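User: I am new to this structure and would like to learn how to read its features one at a time. Could you take me through them slowly, giving the general idea before each case?

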Amino acid sequence: MSLVRKFATVGGATLGSRLFGFARETMMAAALGTGPMADVFYAAFRFPNLFRRLFAEGAFNAAFVPLFSKEIETNGVDGARRFSEEVFGVLFSVLMLITIAMELAMPWLVDWIIAPGFADDPEKSALTVRLAAVMFPYLMCMSLTAMMSGMLNSLHYFFAAAIAPVFLNIVMIAALGYAWWSGADALLTAWYLSWSVLVAGVLQLSVVYFGVRHAGIRIGFRRPRMTPNVKRLLVLAVPAAITGGVTQINQVIGQAIASTKDGAIAALQYADRIYQLPLGVVGVAVGVVLLPELSRALKGGHMKEAAGIQNRSLEFVLFLTLPAAVGLWILSEPIIRVLYERGAFSAENSAVVASILAVYGIGLPGFVLIKALQPGFYAREDTRTPMRFTIVSVVVNSVLAIALFPILAEQGIATAEATAGWINATLLFSTLLWRGDLPWEWALLRRTLLLLVSAGVMGAALVYALPYAAPWLAPEVSLLQQVAALACLLAFAMLVYFPVAFVIGGADSGMIRRNLKRKPPKV
């Protein structure tokens, strides 16, 4: 399967998950708006999400996959299975201890880290503690899911790992549907949602477990032991865990600051859900596929192939995210209005969330480039350098968020996150160039500039077309007409961008065809 086809497989599954996520957020916006219950639930949910990124996705995508791939190359599937059992025993034990400790410390964590702004409202703070306690075991499920997903990706089984996240959205949608059917109030709805998160975690773990079984590996439980392989994994995983969770770390910082203003946490979450669509479909797909591909090429000594894979991935990322960034900037208000403005979600809410989304749009290419650049370090078993850049990013985000929030409110927090993301991406890119791990390509620079021109032409066309579509996007128009008008604008944007990009040379149709047909080398 070619690199582009692998991107499409993972991206397609991720797209399905994100679309269900849209449905979930739309229902939540209608049920909770940006009111206190929405703030409480999102604050409580942020914490297990943070630890999921720190201990699961970041650590294992960065550390486990290269080591697992090396075991397959060196000792075959049996050696890889033994290694996975060693890791499983240690991981399960550590997660159990972390979960118990965090459950006991939850009141302190909410008051000092998750939502210090809730301290003046004891009822709000206490409810956040209870909801977070229900959802925190989700961490165990997702960490084990991440490990097994890494195994599947290394074995070229991408779909099961990519489709598993859809179950979180499906179960939460079911919980919201039941709340609406039973006439539950906002408080009871928040409880239904919290329990649905835990149920979804179990389902996601089950999906990848059976996927691993289908791939021919049966994992048994071994007594936790610090074997040389496990020690090497921990050396790589600790900095990778911090690096992989940079976005979540920055969002937790933003959430802590935003908790001092009613509705700010929910507003940031609703905007975050929109830009997560292109970030997930492109960024996650590239990151998931690129790491095992680079690891395999480097382990086989195919340095030129590894460099080509890295550069083509950057080209692919820019080709898709630059127009998405321009589209989010220009269409932020109609997107938010069409998706969310109903029920408890007012026109004032739409204006606030749209302003946040526009800023996130500017940061989108930077966020996705991070996903495409970090595997260049991880495949070489270097997790410390990205961690250092992550620390720089977190410091920049913290300083800017504190400075800008009194001036720009929620938009200031989004600006801080976007700036930190671009700084992180710039540091990663320049370091790979400096080390010689990413050969400079003038052709890539030329195509990038031409893609910027293409995205600019598309943006100008959207600005011209928007007044003509405005009557069909008005709040008083039926939802079906609003959706149709927004879809027409998006289709119009694509009809402008893609032909211009190919005609002026920003994109190369021959290169895309070759990548679709190309088989990876045997390494």
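User: Where does Ala409 lie?

Analyst: Before the answer, a word on the model and its elements. This is a predicted model, in which local features need pLDDT of at least 70 and side-chain atom pairs count only at pLDDT 80 or more, while totals for chains, interfaces and linings use all residues. Residues are numbered from 1 along each chain as its sequence is written, and side-chain values use heavy atoms, with hydrogens and water left out. Helices (H or I, at least four residues) and strands (E, at least two) are DSSP runs, numbered from the N terminus. With that in hand, Ala409 is found in the loop between helix 13 and helix 14, and although Ala409 is not a glycine, it has a positive phi of about 55°.

User: Is Ala409 buried or exposed?

Analyst: The general idea is a scale of relative accessible area, on which buried means under 20%, exposed means over 50%, and partly exposed is what falls in between (1.4 Å probe, protein chains only). Ala409 has a relative accessible area of 19%, and it is therefore buried.

User: How many salt bridges does a search of the whole structure find?

Analyst: A salt bridge here is a side-chain nitrogen of Lys or Arg within 4 Å of a carboxyl oxygen of Asp or Glu. The search of the whole structure gives 7 of them. One of these joins Glu410 to Lys261, with the closest N and O atoms 3.1 Å apart. Glu410 belongs to helix 14 and Lys261 to the loop between helix 9 (246-258) and helix 10 (264-299), so the pair ties together parts that are 149 residues apart in sequence. Of the two partners, Glu410 counts as buried at 6% relative accessibility, whereas Lys261 is partly exposed at 35%.

User: Which residue forms a salt bridge with Asp382?

Analyst: The partner is Arg435, and the closest N and O atoms of the pair are 2.7 Å apart. This pair also links distant parts of the chain, since Asp382 sits in the loop between helix 12 and helix 13 (384-408) while Arg435 is in helix 14, 53 residues apart. Asp382 is buried, with a relative accessible area of 15%, and Arg435 is partly exposed, with 35%.

User: What separates Arg337 and Glu333 in helix 11?

Analyst: These two residues form a salt bridge whose closest N and O atoms are 3.3 Å apart. Because they are 4 residues apart in helix 11, the separation is about one helical turn. Arg337 counts as buried at 16% relative accessibility, and Glu333 is partly exposed at 42%.

User: How many residues line the second largest pocket?

Analyst: Pockets are found on a 1 Å grid over the protein atoms alone: a cavity is a set of points where a 1.4 Å probe fits but cannot get out, whereas a pocket is an open set with protein on both sides within 12 Å along at least five of seven lines, and lining residues have an atom within 4 Å of a point. Grid points are joined across faces, edges and corners, and a volume is the space filled by probe spheres set on the points. The second largest pocket has 19 lining residues, of which Leu314, Leu318, Leu369, Phe429 and Thr448 lie nearest its centre, and its volume is about 360 Å³. At least two lining residues come from each of helix 11 (303-340), helix 12 (347-378), helix 14 (410-435) and helix 15, with helix 14 giving the most, 5 residues.

User: Which residues make the nonpolar surface patch?

Analyst: Patches are made of residues with over 30% relative accessible area and no salt bridge, where like charges are joined within 9 Å and nonpolar side chains (Val, Leu, Ile, Met, Phe, Trp, Tyr) within 5 Å. Accessible areas come from the Shrake-Rupley method with a 1.4 Å probe, and for residues only the protein chains shown count as cover. Here Val453, Val457, Val503 and Ile504 make a nonpolar surface patch of about 330 Å². The elements that give two or more residues to this patch are helix 15 (442-473) and helix 16 (479-504). Val453 lies in helix 15 and is partly exposed, with a relative accessible area of 44%.
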